[in-house]
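Subject: Structure handover

Hello,

Please find the structure below. My notes follow it.

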Amino acid sequence: MKARKVPGLDPDAPLADNAERIVRVRLDELCGFMPLVADPEEIVALHDMRIAAKRLRYILEITGPCFGPYASTATKLTKDLQDALGEIHDCDVQVPEAERFAERLLTADAVALHAAAEDAEDLDPALLKQAPHARDHAGVAALQTHLRARRQVLFDRFLELWGTYERKGFRARLEYAIGERADVAAEPHR
Amino acid sequence: MAKAADIDVTPREPYRRAGARIVRVRTRELFDHAEGVLDTGDIEGVHDMRVASRRLRAVLEIFAPCFPQSEFKGVLRDVKQLADALGERRDPDVHIDALRTFSRSLVAANRHGVARMIEDLEERQARGNELLAAELERMQQRGLHGRLLALADAADTDPEPEPDPEPEAEPAA
């Protein structure tokens, strides 16, 4: 997902003023994925939301100390959100990988059994024991089951987490915090 | 995982000066992690370098308007390519680790298939390592380290003052 362009950035203007503009856009991008991603089938949107969370987290990690105190809390919350979305994404990558792997094993076994049947009228089920991957299918099926169920568990946890953020006013409080300026006495060493 | 250095920032310092300072720190962190990154026996090395590459990419994007655009685009492209190569190595590392943990929870009879999948991923890991080795070589040939520092220096340089407007010609008497 390409990041939305941030208008009005000025290299010679104060860091906090530029960072405020960037955070506003990145926060809006992140929050814009709801309610779409409440649908567990929206895998691509969920992946894009993870990228949006990552972008917001990085700008907050760097420039959070310029803003009001809630920016620091929001940095941690954004990281937690990114982690939750990352774990779901891992499942979304691993589920099809495991499916493809299972399919490869099935195909290889079918080819081997076809060859083993030679000129038989029909396939003898007893030949299944000779299939090269006969011992492998159960473990791969268990993995697929685990990954699918884990994805559902993690998705439920993500919805709960987002619900908490909404109830606690994550967006409004961060928007307020980035309008504040931290009272920093000394300029950094160059 | 190696923690990124905390970098002091102040609200009023110029955006481009903060950018220069932060890019220097994140560049140093990236190259500090390059040593031993091709060792598949130590998966933390590649993880640390990958995280450092992501952080560097993020600061380049955050401070993009502070850099000369012609140089910036090429540097960002190279950093992205390096991050992708690190990902090609890291992704199978993570997956293998997760599968080993999962396998321990299975009854013995069900472990064969997972072990087979781990073997498959180890082949991918080896290919990822070859790709990463080539990318590290390419990064050196293209002088990425020096180009990143040059970008930071450019952001730290005061802009050329606007030339005074030409005095208007005296009207002819």
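How are α3(A) and α4(A) oriented to each other? Helix α3 (residues 70-117) of chain A and helix α4 (residues 137-167) of chain A pack at an angle of about 160°, with their axes 9 Å apart. Axes here are lines fitted to C-alpha atoms, for helices over the stretch in contact, and angles run from 0 to 180 degrees between N-to-C directions. Therefore α3(A) and α4(A) are roughly antiparallel to each other (angles under 35 degrees count as roughly parallel, over 145 as roughly antiparallel, 65 to 115 as roughly perpendicular and the rest as oblique). Their contact is made up of 20 nonpolar, 3 polar and 8 charged residues. In this count Ala, Val, Leu, Ile, Met, Phe, Trp, Tyr, Cys and Pro are nonpolar, Asp, Glu, Lys and Arg are charged, and the others, Gly among them, are polar. The crossing of α3(A) and α4(A) is left-handed, meaning that the near helix is turned anticlockwise from the far one by less than a right angle, whereas clockwise would be right-handed.

Some background before the rest. The model is predicted, so local features need pLDDT of at least 70 and side-chain atom pairs count only at pLDDT 80 or more, while totals for chains, interfaces and linings use all residues. Residues are numbered from 1 along each chain as its sequence is written, and chains are lettered from A and ligands numbered from 1 in the order in which they are written.

On confidence, the model scores ipTM 0.89 and pTM 0.90. Chain A averages a pLDDT (the predictor's confidence in each residue, from 0 to 100) of 95, and 96% of its residues score at least 70. For chain B the mean pLDDT is 91, with 91% of residues at 70 or more. Residues 186-190 of chain A stay under 50. Where pLDDT is low, the predicted coordinates should not be read in detail.

Two points in the loops of chain A deserve a look. A:Pro35 is in the loop between α1 (15-31) and α2 (43-63) of chain A, and the peptide bond from A:Met34 to A:Pro35 is cis, with omega near 10°. A:Glu118 lies in the loop between α3 and α4 of chain A; A:Glu118 is not a glycine, yet has a positive phi of about 50°.

Chain B has 5 helices and 0 strands. Both are DSSP runs, numbered from the N terminus: helices are H or I of at least four residues, strands E of at least two. The C-alpha atoms of chain B fill a box of roughly 105 × 35 × 25 Å along the principal axes.

Within chain B, α3(B) and helix α5 (residues 144-156) pack at an angle of about 135°, with axes 10 Å apart. These two helices, α3(B) and α5(B), are therefore oblique to each other. Among the residues that meet are B:Phe72 and B:Val75 in α3(B), and B:Leu148 and B:Leu151 in α5(B). By class, this contact has 6 nonpolar, no polar and 3 charged residues.

Last, the contact between the chains takes 30 residues from chain B and 34 residues from chain A. Two residues are in contact if their C-beta atoms, placed from the backbone, lie within 7 Å. Which helix gives the most to the side of chain B that touches chain A? That is α4(B), with 7 residues. The side of chain B that touches chain A has 16 nonpolar, 5 polar and 9 charged residues.

Regards
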